[in-house]
Structures are given as structure tokens and as C-alpha cells.
Amino acid sequence: RTCFFYKLHIRLVNFKIRHICVFSIVKLMKSKENLVFLGMMGSGKSSIGSMVAKKLRLDFIDIDKEIETELGKSINKIFKEKGENYFRKVEEKITLKKLKTFPKIISLGGGAFLNRNIRKEVLKNHLSFWLNWSDQILLKRIKNNNKRPIASKATDNELIDLIKKRTNIYSKALYEIKCDNLSKNEVTQKILNIYEAIKIKN
């Protein structure tokens, strides 16, 4: 008898979890907001965003990939051939356009949130999550990836200064996720927990 009630309890808990998840998805699909991930290069915006999108059964948009598809070139090549100013103009145009397609899970480029127009749109109409890591972890990840145009020729001190400057802007995000010592699954779950709490409250 004890075993029967235990199994019944587990089934009820699982049903409740599924019900809450479906309820949240329906609420998001009726809303005009996206879940937007921002942070430094190497912070895991694309991988975490993709995982959250799968959990919520929503489309995932990686802005950097969208830019590469639009121009038919890698970000690195765009920087080298056209320069940063040109890239930022294209980034603003594509980002603002994609933010109008909701509901989606969107990963911004590392410098996108520094753009006043993009930042204003994100903060006014969407749920923003800053994936925050320690300077040393970010430094290691950036230096291990030669596809980062701004960081490719920078010294360690220059990269630390860049991280600190951008941190002041990233901190304006609605939610800060401190990712140190967490796995990707744990970061994803933390975001989903925050999102569930928001939707239940509303």
C-alpha cells in the first residue's frame, strides 16, 4: 500500500511539472516578448540559449549566425574586410528586426547590448538574461578562440579592461545569472526557474 501511494505521489508531481511547463509555454506564446541572452564572447549565450529554447519548445535565433548568413561571410571576415563600424550597423539592423519576431529565444552578439537602440528595445519589451562569469574564466575562453575579431590581437590587460567596461552595460539586464561553478544544465535550469516564477507571478 505504501508503495502504491508513493508511486501515485510521483505521478502527481510529474503531472504538475508538465502542466506548469506547458502552461508557461502557452503564456509566452501569447506574449509579445522574447527571452534575450547577453554577455561577453565565450559566455555560452548560444549553447545556453539553444538549450532553453528546446526546453520551452521555441525557435532559437543566434544573431551572429544571422549576420553571417545575411552577408555570406564569417564575423571575422566581415571585420577584416568592412571594419567594425560597418558590422555594428548591420548588427543593429538585423537585431532589431529579429526582436520583432516573437516569441523567440535570442542570443545577442557580445557587443550588441552596447548599442543604445538595441538595449532600449531589449529592456523595454523583452526578458533579458546576462550570463556572467569571472574575468579569468572569460579571459581563458576568449584567448582559446581565434574567431573573436576584437580580441584576436588584444593583450590580457586590454581584454580585462574590455570585460569591465562591458560589465557596466551588461549589468542593466533584467536578470544576472552567475555562472561560475555551474554546468550548462544547471545554468539552463536556473533560467527556467526564474522564468517559471515570473509567469506564475503574472
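This is a predicted model: local features need pLDDT of at least 70, side-chain atom pairs count only at pLDDT 80 or more; totals for chains, interfaces and linings use all residues.
**Ground rules.** I number residues from 1 along each chain as its sequence is written, and I leave out hydrogens and water, using heavy atoms for side-chain values.

**Backbone.** P103 sits in the loop between helix 5 (84-99) and strand 3 (105-107); helices (H or I, at least four residues) and strands (E, at least two) are DSSP runs, numbered from the N terminus.

R57 has a phi of about 60° and belongs to the loop between helix 2 (45-56) and strand 2 (60-62). N181 has a phi of about 70°, and its place is in the loop between strand 5 (175-178) and helix 9 (184-201). For burial I use relative accessible area (buried under 20%, exposed over 50%, partly exposed in between; 1.4 Å probe, protein chains only). R57 counts as exposed because its relative accessibility is 63%, and N181 counts as exposed at 79%.

**S128.** Leaving aside residues up to four places away in sequence, S128 touches V36, L38, V122, L123, A173, L174 and Y175, where contact means heavy atoms within 4.5 Å.

**Helix 8.** I checked the length of helix 8 (residues 156-170): at 1.5 Å a residue its 15 residues should span 21 Å, and its end C-alpha atoms are 20 Å apart, which agrees. The expected span here is 1.5 Å times one less than the number of residues. L159, I160, L162, I163, R166, I169 and Y170 are buried in this helix, and what covers them includes strand 1 (35-38), helix 6 (116-125) and helix 7 (135-143).

**Core.** Which members of the largest nonpolar core touch the most other members? Of its 52 residues, they are V52, L108, L131 and I191. Helix 8 gives the most to this core, with six residues. A nonpolar core is a set of buried Ala, Val, Leu, Ile, Met, Phe, Trp, Tyr and Cys residues joined through side-chain atoms within 4.5 Å. Beyond four places in sequence, L131 has contacts that include F37, I48, I177, V187 and I191.
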